[in-house]
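User: I'd like to learn how to read a sheet and then a single residue in a model like this. Can you walk me through it?

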Amino acid sequence: MYSKIFRAVIIGAPGSGKGTISERIVNTFGFLHISSGDILRQNIINNTELGRKAQRYIASGQLVPDEIVTKTMLGRITEVGNKSYILDGFPRNSAQAEILSAREQIDAVIDLNIPHDVIIERVKNRWIHAPSGRVYNIGFNDPKVPGKDDKTGEPLTQREDDKPEVVAKRLELYDELMRPVLAWYGKRGLVTSFKGRKTNEIWPRVEVFLKEKANK
Ligand code: AMP
């Protein structure tokens, strides 16, 4: 649809709706969605060496060491080749942002700014289809059959790291780590923040923003 290669980073705390917004970006603009969390979880399911290394950090709400994540993500970016993409979950701190910038020219950073109380309430209702990473939110985007994935009919699960204590810890960690990342991209004039309590209010603004940006 758009001839220019567009490379975006989407930033938002866990549960901020970045998965849903990313999916809409994929469907509307045809960008590839490269999610570090999905890649790591898939590796855990497949019991790869990477999955075994990452598992204990993820289960306790800690970040996976930079070395493991950057190697994995740069590897995926190389596989993708010359295609527009949206990075989700990466970079997660300044060290990762530095390493990414040495390799890739990022065109835009989309910052989803959602209050913590909204996120904690939302995450309680979140169910996922682990093999694909598809996310359902009870009362907002319910599966067609309760407890089952729409495409495969397989059972949905709640993530270990969606437990309230772990979520609160992740949000604190997240804010602390992302502040310098946002400042880093902010200095380069790349950050656009979208504030709000509902994904359906934020999405039209993201769509307009990307239509303008990706067309240039
Ligand atoms: P997410 O689905 O993005 O919330 O990621 C789930 C978990 O994977 C996080 O809580 C981290 O433990 C780990 N993770 C994902 N992306 C990164 C990253 N860029 N750096 C370090 N750990 C990550």
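Analyst: Five strands make an open sheet with parallel pairing, in the order β2-β3-β1-β4-β7. Strands here are DSSP runs of E with at least two residues, helices are runs of H or I with at least four, and both are numbered from the N terminus. Two strands pair if DSSP finds at least two bridges between them. At the edges sit β2 (32-35) and β7 (191-195), each pairing on one side only.

This is a predicted model: local features need pLDDT of at least 70, side-chain atom pairs count only at pLDDT 80 or more, and totals for chains, interfaces and linings use all residues. Residues are numbered from 1 along each chain as its sequence is written, and side-chain values use heavy atoms, leaving out hydrogens and water.

User: How many bridges join β1 to β3?

Analyst: Four, between residues 7-12 and residues 85-88.

User: Now a residue: where is T152?

Analyst: T152 is in the loop between β6 (134-137) and α7 (164-187).

User: Why does T152 count as partly exposed?

Analyst: Buried means under 20% relative accessible area and exposed over 50%, with partly exposed in between (1.4 Å probe, protein chains only). T152 has 42% relative accessibility, so it counts as partly exposed.

User: What is T152 in contact with, leaving aside neighbours within four places in sequence?

Analyst: Contact means heavy atoms within 4.5 Å. On that basis, T152 is in contact with H129 and R134.
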